[in-house]
Amino acid sequence: MFHSLSWGLSCALADEDISSCFQECFEFIHAALLDRHSVLAYCTAGISRSATVVVGYLMWRHKMPYDKAFAEVKFARKYGLVDHLRCT
């Protein structure tokens, strides 16, 4: 099953304020994880908005400090991609 959450944000603006979308994203991620679904965070513009949302979620839900949340996401992005490429 696939569900998506999209915002009316411009793909061209790397400095666009996405903080108004955080609460909706956090609740979406949390509900999916509670239902034991996987979550793929993806930004079509490739400007790290998805990573920003995931870092924010970790800080919000798990009360992680920014540095720890950032390190977790950085690790997952690096090794998740490598693992995926090995499977193809």
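This is a predicted model: local features need pLDDT of at least 70, side-chain atom pairs count only at pLDDT 80 or more; totals for chains, interfaces and linings use all residues.
Figure 1. Of the 88 residues in the chain, 22% are buried. Take the contacts between residues at least 6 apart in sequence: 51% of them join residues at least 24 apart.

**Figure 2. Close-up of the crossing between helix H1 and helix H2.** Here we look at H1, residues 22-34, together with H2, residues 49-62. Their axes come within 10 Å and cross at roughly 75°. Angles from 65 to 115 degrees count as roughly perpendicular, so H1 is roughly perpendicular to H2. On the H1 side, the contact is made by Phe22, Gln23, Cys25, Phe26, Ile29, His30 and Leu33. Facing them in the contact, H2 brings Thr52, Val53, Gly56, Tyr57, Trp60 and Arg61. By residue class, this contact divides into eight nonpolar, four polar and one charged.

**Figure 3. Close-up of the aromatic cluster formed by Phe22, Phe26, Tyr57 and Trp60.** Ring pairs link these four residues into a cluster, and each of the four also takes part in the contact of H1 with H2. A search of the whole structure finds five aromatic pairs. In the pair of Tyr57 and Trp60, the ring centres are 5.9 Å apart and the planes lie at 45°, so this pair is tilted. Both residues belong to helix H2, where they sit three residues apart, about one turn of the helix.

**Figure 4. Close-up of the salt bridge between Lys68 and Glu72.** For our last stop we turn to helix H3, residues 66-87, which holds both partners. The side chains of Lys68 and Glu72 meet at 3.2 Å, N to O, and a search of the whole structure finds one salt bridge. Along H3, Lys68 and Glu72 are four residues apart, about one turn of the helix. How exposed are the two partners, and what are their relative accessible areas? Lys68 has a relative accessible area of 43% and is partly exposed. Glu72 also counts as partly exposed, at 37% relative accessibility.

Definitions and conventions: Residues are numbered from 1 along each chain as its sequence is written. Side-chain values use heavy atoms; hydrogens and water are left out. Axes are lines fitted to C-alpha atoms, for helices over the stretch in contact, and angles run from 0 to 180 degrees between N-to-C directions. Helices (H or I, at least four residues) and strands (E, at least two) are DSSP runs, numbered from the N terminus. Angles under 35 degrees count as roughly parallel, over 145 as roughly antiparallel, 65 to 115 as roughly perpendicular and the rest as oblique. Contact means heavy atoms within 4.5 Å. Ala, Val, Leu, Ile, Met, Phe, Trp, Tyr, Cys and Pro count as nonpolar, Asp, Glu, Lys and Arg as charged, and the others, Gly among them, as polar. A salt bridge is a side-chain nitrogen of Lys or Arg within 4 Å of a carboxyl oxygen of Asp or Glu. Buried means under 20% relative accessible area, exposed over 50%, partly exposed in between (1.4 Å probe, protein chains only). Rings of Phe, Tyr and Trp (its six-membered ring) pair if their centres lie within 6.5 Å; planes under 30 degrees apart count as stacked, over 60 as edge-to-face and the rest as tilted.
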